[in-house]
Structure formats: structure tokens, C-alpha cells
Amino acid sequence: MLEINIQDVINILNLMKWYLIGFGIILLIALILIIAVKKLSKHKKYMVRSQSGIAVFVAFVTIANLVCFGPMSTMLTLASGRGTISEEAGARAEALSEEIAAEGIVLLANENSLLPLESGSNINVFGWSSTNPVYGGTGSGALSGVHPTVSLLDGLTSAGFNLNTELTEFYTGYRDKRPVVGMFEQDWTLPEPPVANYSAEMINKAKAFSDTAVVVVSRIGGEGADIPTDMSKITYHNNSDSYGDFEDGEHYLELSRSERNLIDLVTSNFDKVVVVYNGANAFELGFTEEYKQIKSILWTPGAGQTGFNALGKVISGVVNPSGKTSDTFVYDLTSTPTYQNMGHFEFKNADEFKLESKYTSGLPTFVNYVEGIYVGYRFYETAAEEGLIDYDHTVLYPFGYGKSYTTFKQEMRGMQEDGQGNVTVEVTVTNTGTAAGKEVVELYYTPPYTNGGIEKAAVNLVAFDKTDLLEAGASQNILLSFKKEDIASYDTYGTGAWVLEKGDYRISLRSDSHTIIDEQTLTIDETIVYGEDNKRSSDHVAAVNQFDFAEGDIAYLSRQDNFANYKEAIAAPVSMNMSENAKANFKNDTNYNPADYNNDADVMPVTGADNGVKLVEMRGLSYDDEAWEPLLDQLTINEMVSLIAYGGYQTSAAKSVGKVATTDLDGPASINNNFTGIGSIGFPSAVLMSNSWNEDMAMAFGESIGEMAEDMGVSGWYAPAMNMHRSAFAGRNFEYYSEDGFLSGKMAANAVKGASKYGVYTYLKHFALNDQEINRFSMLTTWSNEQAIREIYLKPFEMAVKEGKSTAIMSAYNYIGSEWAGASSALLNTVLRDEWGFRGMVITDYFVGFGYMDADLFIRNGGDFSLIPYENGGNVVDDTESATSVLAMRQASKNILYTVVNSRAYSENALAQGMPAWKVAAIIINIVAACIFILMELLTFRKYRRISNKMIESQKTEDVLV
């Protein structure tokens with residue numbers, strides 16, 4: 001989502017202009033009155049002038065109250081900086097941040113056991129990024145600058161290493177920081193000094209200082225832009241350092257020419273070389289195999305504010321690395337199945353939907369998820385089994401891969417079924433090395449596949465766990481479990497439901513997605529269809545086809561006949577035309593009229609009733625409890641309009657039911673107050689957390705967020721972010737967990753549960769299929785088949801709702817097929833609420849309209865309110881006369897009220913805090929203003945009476961003289 005920027009300020013001023021215009025009109029009237037009174041008698045002149053002055057005073061106070069206590073009140077609360085984290089909570093968060101990084105840093109290679117290095121030894125650290133590492137990402141996922149940040153070099157020195165300071169000064173002298181650009185822009189400059197800048201004397205001194213070199217390569221990503229696939233076409237901000245550093249067609253996730261030259265320089269002078277890749281997006285690391293001097297490779301995604309301390313401890317051996325890759329690293333990212341179907345594609349035949357907006361390209365755009373279910377390792381493992389690829393020459397590091405400073409032995413002890421559809425596998429893990437360490441246990445399944453039948457990946461993660469810290473020689477038994485229904489496949493074109501086909505399912509214990517340790521067979525005797533009369537145990541309503549409209553006219557990648565359609569399926573789009581069926585379903589501001597969708601049979605609900613019910617009485621009651629109806633009857637139309645329209649960083653107050661306003665804040669790795677710049681401690685990126693494969697770490701993360709939210713007076717958290725790493729070139733991968741929905745879902749579900757312990761509701765985002773940044777504002781129609789939608793893209797959300805019990809969702813900017821995701825009834829009502837049993841509220845992504853976001857549209861299709869704190873066109877429901885619209889408003893309001901009353905906002909502590917200090921001050925000022933008003937009126941009439949009496953006496957005197 002977006003955060004406050006200059007455009008928001010303009011919009012706020014635009015809203016306030018009506019208050020200012022009103023104030024100006026009052027002043028004008030007062031001026032006219034003052035001029036007019038010149039023709040009046042003296043005492044009348046005084047009266048009109050004084051009353052005009054008092055009117056101006058009252059107008060000013062009134063307008064100030066409209067601003068302070070209207071929909072923008074939460075913005076003032078945020079701007080006042082209410083709530084900072086306690087020192088104790090901050091210290092715990094910093095320690096946890098380091099612990100997460102310690103478990104998420106992945107040791108990719110360690111030839112001749114070069115690592116760990118002895119603490120106290122000298123190290124040469126090369127690479128400009130060593131002085132400017134990546135801590136997280138840009139945009140709404142950026143970290144707060146309030147708290148101190150441990151740099152990469154700080155982390156090494158804290159671990160006791162002595163660094164070559166001449167190199168550090170060389171890099172900071174070349175450029176001391178990363179280029180600063182707009183909040184939602186990216187600067188792709190890689191300011192690596194040309195090797196000609198390294199003098200022979202500098203290199204000789206470095207060799208004398210140490211025989212060990214660490215080379216740091218960093219890549220940043222962020223909101224608003226995807227990773228460039230052709231760096232030769234990039235325009236750089238404020239500099240030209242990277243011009244000529246890439247050939248035509250070379251991309252950001254491979255070495256630049258200067259970086260390659262640096263690697264050549266270092267490896268020609270040092271025999272012990274460690275490469276640290278600092279970035280969230282999978283990088284082409286195949287170059288490391290070309291240099292025998294590169295012994296060790298570490299993957300350290302954005303480490304948050306203290307995580308680089310863990311890097312120093314890993315390199316020194318104080319921490320034994322236990323991270324595993326959450327993505328697949330391949331030699332050539334341009335050969336991935338998604339490469340040609342990510343980017344800018346615009347429909348050429350959709351002029352009827354064209355919009356004039358600075359945010360869009362005018363016409364609707366599209367992206368085709370042609371790879372179907374074959375995302376990440378699911379493709380590579382299946383393609384290898386079908387003979388499509390040479391795995392060893394395609395994949396460098398598999399999903400779930402990572403080394404340690406010790407060795408482990410894993411043994412499958414047995415597999416049990418309990419008769420209730422549950423399968424349990426016992427695994428014994430023994431530390432067979434000489435150092436204490438942790439090990440990840442990964443369980444996969446291989447389903448039976450019939451050529452031309454339901455699409456199935458050859459390898460699928462189904463369970464995982466992580467051991468405790470095991471001393472050398474120690475063992476631990478791990479129990480992994482899953483339900484048989486968890487290994488069913490979605491049969492889009494047959495039964496239109498989940499199906500567990502009969503046959504043998506290989507359940508394999510693996511050290512990564514490719515390397516089998518042991519396996520056993522689970523036999524399913526009869527095919528089970530989880531249709532309408534036999535739903536899965538986790539579903540409230542059986543899942544059946546809902547997304548036929550999203551499939552489009554696309555040839556999806558199929559395993560049939562050894563991926564016979566591979567070249568055809570993954571090719572770049574040929575047709576740039578929107579189908580007639582898609583057009584018939586497509587809605588934006590050019591063709592949406594709420595009146596067209598009103599139902600004459602709907603009955604206008606009761607509003608504004610005086611039933612004496614307060615929202616606090618609903619706390620803990622079932623969503624379906626009848627007690628909700630008299631409460632909802634009390635809501636006024638205006639209150640419902642406000643609840644729906646003004647949901648940016650808040651949920652609005654509703655006086656009729658005693659609903660308090662709440663504060664909701666942003667940041668997938670922290671809690672950021674975008675108005676003051678004050679935020680919580682910033683944690684490592686979601687990728688680093690996912691690399692830990694440790695659910696307890698995710699739970700602790702959520703708990704820490706909840707604790708800091710409590711301190712800050714925050715009830716809602718715009719996180720976790722959990723879209724998929726469909727492509728390494730997605731700019732926002734840093735805040736999404738993984739290429740695997742199951743791993744992502746487990747991490748997110750635990751983060752949600754952790755935060756909910758403190759009563760914080762978490763907005764799972766961005767729901768759904770919001771996996772690229774390009775054209776995200778430009779009516780981006782995302783085309784995918786039902787199986788892929790359910791098995792890949794909805795999977796982590798489903799787990800976070802069912803297991804994490806999340807009560808808030810942030811919908812996405814993109815369209816799913818031809819329906820805006822924020823107003824797709826199939827997605828928000830049928831799947832989310834009916835199938836998954838979600839009870840809670842759905843907010844839009846940041847509401848700037850973009851020509852298709854509309855409050856009437858989303859409340860009628862499962863959305864509830866807008867992420868914006870002021871009026872911005874389509875966020876205000878216009879059709880308040882139709883029963884259909886008001887019923888939808890009532891339902892949306894109920895969803896908001898239900899979520900809020902069951903959150904920390906209605907805990908005893910929160911309610912006892914009372915109103916913010918600025919509101920108390922405003923009320924005091926109002927009281928003082930009222931006293932001043934009364935005093936002014938008294939003084940005015942007193943003086944008026946004195947003037948009048950004098951004039952009467954004067955008149956009497958004149959009469960006597962006459």
C-alpha cells in the first residue's frame with residue numbers, strides 16, 4: 001500500500017478548502033456589514049460591528065472543530081505522535097530482530113570450511129554496498145529512521161573482527177549513501193567504484209592486512225516498481241555512475257560490469273574469499289562457481305535494524321547458521337517460466353474503458369500467469385522429473401537448501417494414520433558433527449500423476465519444523481503431521497472441487513526440495529471428491545469453481561506429454577485484445593452506476609433508532625448473535641458513510657453506538673507512523689524470517705509487534721504482506737515471504753496469532769494475486785486458472801485466516817480477471833467468508849481512486865471500507881437512498897464494528913486511556929472559547945446599553961434646549 005506523500009498533503013488541503021472557503025464567506029459578509037453600518041446610527045453601528053466580530057470568532061472555532069473532530073481527527077492523533085514504545089519493549093524487539101536474522105541467514109557454500117573465521121582476526125571488506133547495505137525495502141515497508149541501526153560493518157566489528165578502514169573510507173569517499181529519490185520511486189544505480197580507482201598501494205596494503213576478503217553485493221527492492229530486466233534502458237537519478245555498466249538485455253539481478261571487475265580484482269589477489277549477497281530477490285550467483293578462490297557464500301536479505309549483528313556472529317561462529325532458502329536460485333533468471341509474462345502489457349481494443357488519469361496509462365493492462373501451478377521449485381522439480389530440464393545445470397540452490405558448520409543425520413522412524421484423516425511422521429535428528437546447531441526438517445509429498453489429468457507438481461512441501469539447539473551427538477525426535485485432505489489437488493476442469501485421487505503418494509523427508517533423505521508410501525485406496533456434500537474439514541462451505549471469469553483465453557503450462565506445450569505457454573503475449581466476455585464483466589468509472597444494480601425487493605433497514613445499546617456490550621458475542629440487530633439499527637446514515645469512507649490509518653468513531661475511533665498503522669516489518677516518522681523497531685524482511693523456517697520466530701515477531709502496538713495505542717497493523725514470489729523480478733518480494741504458499745502461510749499464521757495475543761487485528765495483504773508492481777494502478781487484469789489461484793496464490797491467505805484467525809484483510813489494486821479484487825464477490829464473499837469462515841473486515845489498498853475504486857461497488861461485493869482519512873471522490877457512498885446500498889452499508893459497518901470491539905481498542909486498558917491529549921486540549925480550548933464568547937456578548941451588550949443610554953440622555957438634553 002501507499003503511505004502519506006505530497007499528493008496526500010495536497011488532497012488534505014483540497015478537503016480543507018471548503019472549510020477555508022466557508023470561513024472566507026463569513027469574513028466577506030462581516031466586511032459587507034461593517035461597510036453597510038456606516039449609514040446607521042452610532043449605537044447600531046457598534047452593535048453590528050461587534051456582532052460581526054463575534055460571528056467571525058465563532059466561525060473560526062466552528063471550522064477548527066470540524067477539522068479536529070471530523071474524519072481527519074485520526075490524522076491529528078497520528079501527527080501528535082501519541083504513543084511511543086517503551087525501552088523494555090524496544091530492547092526485546094531489538095534482541096528478537098537479531099535472533100531472527102541469526103536463524104534466517106543462509107550459508108550457501110563453505111568450501112574447505114573457510115567459515116567460521118576466528119574472532120579478532122583481520123578482514124578486508126570489499127564492495128560499496130558494505131558501507132550502504134540493504135536493511136529492508138522502500139515504500140510502506142521501509143523502516144523508521146528514529147531508532148539506531150546496526151550496519152553491516154558494525155555487525156562485523158561487534159563480533160570482534162578488525163576491518164580494513166582504508167577500504168571503508170575509500171567507499172564512503174566515493175559515495176557516502178544511497179541516492180535519495182521519491183518515496184515510491186527506485187534508483188537502480190549501483191555506485192561500485194571502477195577498479196581503476198583501486199591503487200596498487202591500496203591492494204598491497206589490503207593483502208598485508210589480511211589474506212581473507214569479504215565481498216558484499218546488495219540489491220534493493222520496494223513498492224511501486226519491479227526489478228529492471230534491461231538495465232541498459234534505465235534512467236538514473238542525479239548521477240551517471242552506472243551508465244555503461246550493463247550490456248543490452250542485462251538485468252539488475254546479475255553482476256554489473258564494475259562488480260564483475262571487482263570480483264576479478266579480489267580473486268586475483270586473495271585466496272580466501274567470502275561473498276555476502278544482501279538482498280531479498282533471488283540473484284544469479286552462478287558466477288561464484290567460476291572462481292576457485294570463492295569458498296563461502298552467505299545470503300543475508302534485509303536484516304532490519306539490528307540483524308547485521310547476527311551476520312558478524314555467523315561469520316565468527318558464535319552462531320551456527322541454520323537458515324534454508326525460501327526461494328529457488330537458478331543460473332539464468334531470464335529462462336524462468338514467468339520471465340516473458342511479467343511487465344507492461346496493455347489492451348489495444350478497450351477504448352470504452354479508457355480513463356484520463358495521471359496514475360494510469362489510460363487503457364486497462366494485463367498480466368498472464370501462464371505457468372499455472374508450476375511456480376518456483378514446483379516447476380523445477382517437475383520439469384526435471386519429466387526430462388524438460390537438466391536440473392544440475394538449471395538450479396544452483398534448491399528451495400529449502402542451506403548448510404551448517406556441523407552435520408546432521410535425519411531418519412524417518414515411521415508414518416502413522418489415525419483413522420481421522422491425519423498422518424503423522426516421526427523423524428529423529430542427530431547432530432553428528434562437532435558444533436552445536438539447529439536443523440530444519442522438511443517433509444514433501446509426490447502425488448500420483450496421470451498424463452493429461454489434473455495438473456500436479458512432482459514435489460510439494462506439506463510439513464516442516466526446526467529442532468532446538470542440539471549439542472554435538474545429541475538427538476531430538478520431531479513429529480510432523482498433515483491431513484490427507486491437505487495433499488488433494490484442485491480439479492478445475494473435472495469435478496470443480498478438491499480431489500484426492502487414489503494411488504500411491506510418496507511422502508519424502510528431504511534436506512531441500514530436490515535431495516531425498518528417505519521416503520515412505522501413503523496409499524489412497526479410493527478417490528475422494530471434496531464436493532458440496534463432502535467438504536474438507538477446514539472449510540465451512542465446500543470449495544467449488546468460482547473463478548472461471550479469471551481464466552481468459554490463455555494456454556497454461558501443462559505437464560501433459562512431458563510439458564509438450566512449454567515453449568508455447570511461456571512465450572510473451574501475442575494477443576493484446578480483451579475478450580468480449582471480459583469486457584461484459586469489466587467495471588470502472590466509465591460504466592459503473594450503482595442504480596443499475598439495485599434490487600427493488602430490498603427493504604430499507606432501520607437507522608438512527610434509540611435502543612440504548614452500546615458497542616462494548618457486543619464484545620465476545622458471536623458474529624451471528626441476534627443482539628447485533630438492535631445495535632445496527634442505531635447507526636445513522638452519516639455514521640455508516642463515515643465508517644466506510646474514512647478508514648485511512650483508523651476506523652472512524654460512531655457516537656450512536658459508542659464506537660471509539662482506532663488507530664491503524666503500516667509496515668510489514670514494523671509499525672510505522674507515516675505522519676511523524678516515528679515507528680517501532682524494524683525487523684528483518686519477511687524473506688529473512690521465512691528463511692528461518694521457524695514458526696516460533698514468526699510467533700515471537702507477531703507478539704513483539706503486538707506489544708509495541710500496545711505502547712503506541714495502535715489497534716490495527718497493515719500486515720503481514722503475503723503475496724507470492726512469482727518472479728524474482730517482483731520489486732516487493734522483500735515484504736513477501738516465499739515462492740511457496742505453505743511456508744508463507746505458516747509464517748504469516750503465526751505472526752497473526754502473536755499479534756492477536758495483544759488484541760491487534762492484522763490486515764493480511766494484498767488480497768489477492770498482487771504479485772507485480774508494474775501497472776498496479778492501471779487497471780491491471782491478472783489472468784490465472786482456478787487451480788493456480790487456489791493452490792498457489794490464495795494458499796497463504798487461507799492458512800492465515802483458518803489457522804491464524806485473522807479478522808482483517810486488505811484487498812488489492814489489481815483485477816482478478818476482469819473483476820477488481822477489492823470488489824470481487826467470488827473472492828471476498830464466497831471464498832473468504834463462506835468457504836473459509838472469515839469474520840471480520842476488508843479494507844481497500846490506499847484509496848486514490850484510479851478510476852475504478854468505488855465505495856458503492858466494493859460494499860456491494862464484500863469490501864467494507866476505504867484506506868484513506870479524507871474525502872477523495874469514490875470513497876464516499878453516494879447512493880444512500882436505495883435500500884440495496886444502505887443494506888450493504890449496514891453489513892460493511894457490522895464487519896468493522898465486530899472486528900474493532902473484539903480488539904485491543906475495547907480492552908480495559910485501552911478504554912481507560914481515554915482520548916488523546918490533543919483532543920483534551922481542544923475541548924479545554926472550546927470551553928475557554930465558550931467563556932470568551934459569553935464574556936464578549938456580555939461586554940458588547942453592556943457597552944451597547946451604555947451608548948444607548950448616553951444617546952437617550954443626549955437626545956433629552958437637545959429636546960430641553962429646543
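User: Which residues lie nearest the centre of the second largest cavity, and how many residues line that cavity?

Analyst: Bear in mind that this is a predicted model. In it, the second largest cavity is lined by 17 residues, and those nearest its centre are Pro 668, Ala 669, Pro 684, Ser 685 and Ala 686. Its volume is about 110 Å³, and by class its lining has twelve nonpolar, four polar and one charged residues.

User: What is the volume of the largest cavity, and which residues are closest to its centre?

Analyst: The largest cavity holds about 230 Å³ of space. Of the 21 residues lining the largest cavity, Thr 336, Gly 376, Arg 726, Ala 728 and Glu 739 are the closest to its centre, while the lining as a whole divides into ten nonpolar, seven polar and four charged residues.

User: How should I read a helix such as α16, and which of its residues are buried?

Analyst: The general idea is that an α-helix has 3.6 residues a turn, so residues three or four places apart point the same way. In helix α16, which spans residues 637-645, the buried residues are Glu 639, Met 640, Val 641, Leu 643, Ile 644 and Ala 645. These buried residues pack against α15, α23, β29 and α24.

User: What is the strand order in the open sheet of three strands, and which are its edge strands?

Analyst: The order is β15-β16-β19, with antiparallel pairing, and the edge strands are β15 and β19, each of which pairs on one side only. From one strand to the next, the twist averages 35 degrees. Helix α20, residues 786-793, packs on this sheet and touches β15 and β16.

Technical notes:
Residues numbered from 1 in each chain as written. Predicted model: local features only at pLDDT ≥ 70, side-chain atom pairs only at ≥ 80, totals over all residues. Heavy atoms only, no water. Buried < 20%, exposed > 50% of the residue type's maximum accessible area, 1.4 Å probe, protein only. Helix = DSSP H or I, 4+ residues; strand = E, 2+ residues; numbered from the N terminus. Contact = heavy atoms within 4.5 Å. 1 Å grid on protein atoms, 1.4 Å probe; cavity = no way out; pocket = protein on both sides within 12 Å on 5 of 7 lines; lining within 4 Å. Points joined across faces, edges and corners; volume = space filled by probe spheres on them. Nonpolar A, V, L, I, M, F, W, Y, C, P; charged D, E, K, R; others polar. Pairing = 2+ DSSP bridges. Axes fitted to C-alpha atoms, helices over the stretch in contact; angles between N-to-C directions.
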